[in-house]
Amino acid sequence: MDINQLIEKFIKHNCYLEMGAGKIAKQFNSNIDDVIKSKIIAKNKLKYGTEYNPKDVAFKSKPILQVTIKKDTNNNAKILLFDLETSPIISYHWGTRKQFIQPENIIRDWTILTYAGKFLNEDIMYSGTAKDEEDFDDFNIVSELWGLLDKCDILVAHNLIGFDRKKLNARFLFHGMNPPSPYKLVDTLQIAKTNFGTTYHKLDYLSKFIGSSGKMEHFGFDLWKKCMDGDEASWETMLAYNKKDVIELEKIYLELRPWDNRSPSISIFQEDPSMCCTKCGSKNIVYKKDVYTNTREFKLYQCNDCNGWSRSRSSEGKIKALMTQ
Ligand SMILES: [Zn+2]
């Protein structure tokens, strides 16, 4: 039987959903991966209706999407800070040193195990885990993350560009979801690498470097192994670890933000964008001095809230030189 026939069978006869995938694969002469995939799709169709389409579910099935994002006083931008934990890849391999593992030797590819995320200056911590799903299927938590990303104007994570965003996009693609509405990217790892010669640029190190408490202690890779073995306590630890990372991320983001000149300007999100801090959106800014480029003059302001520097828009300046180098 192919996937479509299996899905039809499972919807008509729910009892198959309780049977092991291996047994079903043998009975219907199907591939075990097709059986696992079909069971997930059939379960979701039963849950959300037969017209179920992952693309729609990504929009409307999650209560999280109904949450109204509060705007903080300084800032009209919806800034989402998040972190995710992925499972290890399980594979057959011949040795323990440098190996190239062919796709057919992958037993279980990586998926997302847990996520945590919060909007800047809000107390609500959103989080999710794949612990109760069959084979830790991440469809539900990926849908929730999709909803959060779709709501945000700016997405912040540590190693966002190198890791989190690509991992997440891969899972969106896998589950057949559309791209969420566009958002701007802030990667605290890149800000740290660009601006600071700290010995390490890891989240844990940076957190302690700025005087915070660092990441939560755990038992290293054993935690991931125990999660994959279905150990409840380890899943709880994983989620708590994930949430603590987001709390530390927020602190690091706020500390690094005034130093960073490459991230998207916050002032564009304000109702009156002309006179507020480009780093945090505060109106509490003071004029410090005039500054010059080769051709223009600008007014330089410092923010009394975040201490970051912003220049007035070029339209306020006058052309200082008609000839350039
Ligand atoms: Zn500011």
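I285 has C303 in β9 as its bridge partner (strands are DSSP runs of E, at least two residues, and helices runs of H or I, at least four, numbered from the N terminus). The model is predicted, with local features needing pLDDT of at least 70 and side-chain atom pairs 80 or more, while totals for chains, interfaces and linings use all residues. Residues are numbered from 1 along each chain as its sequence is written.

β8, β9 and β10 form an open, antiparallel sheet of three strands in the order β8-β9-β10. At its edges lie β8 (285-292) and β10 (309-311), each pairing on one side only. From one strand to the next, the twist averages 30° (between N-to-C directions of axes fitted to C-alpha atoms, on a scale from 0 to 180 degrees).

Here are some of the strand pairs (at least two DSSP bridges):

| Strands | Sense | Bridges |
|---|---|---|
| β8 and β9 (residues 297-303) | antiparallel | seven |
| β1 and β6 (residues 154-157) | parallel | three |
| β1 and β4 (residues 112-119) | antiparallel | seven |

Let's turn to β1 (residues 79-86). Six of its eight residues are buried, so β1 is largely enclosed by the rest of the structure (buried: 20 or more other C-beta atoms within 10 Å of the residue's own, placed from the backbone; exposed: 12 or fewer).

Finally, helix α1 (residues 3-12) has L6, I7 and F10 buried. These three cover an arc of only 100° around the axis, which puts them on the same side of α1 (the arc is that of directions from the axis to the C-beta atoms). Exposed N4 and K12 sit on the face of α1 turned away from its buried side.
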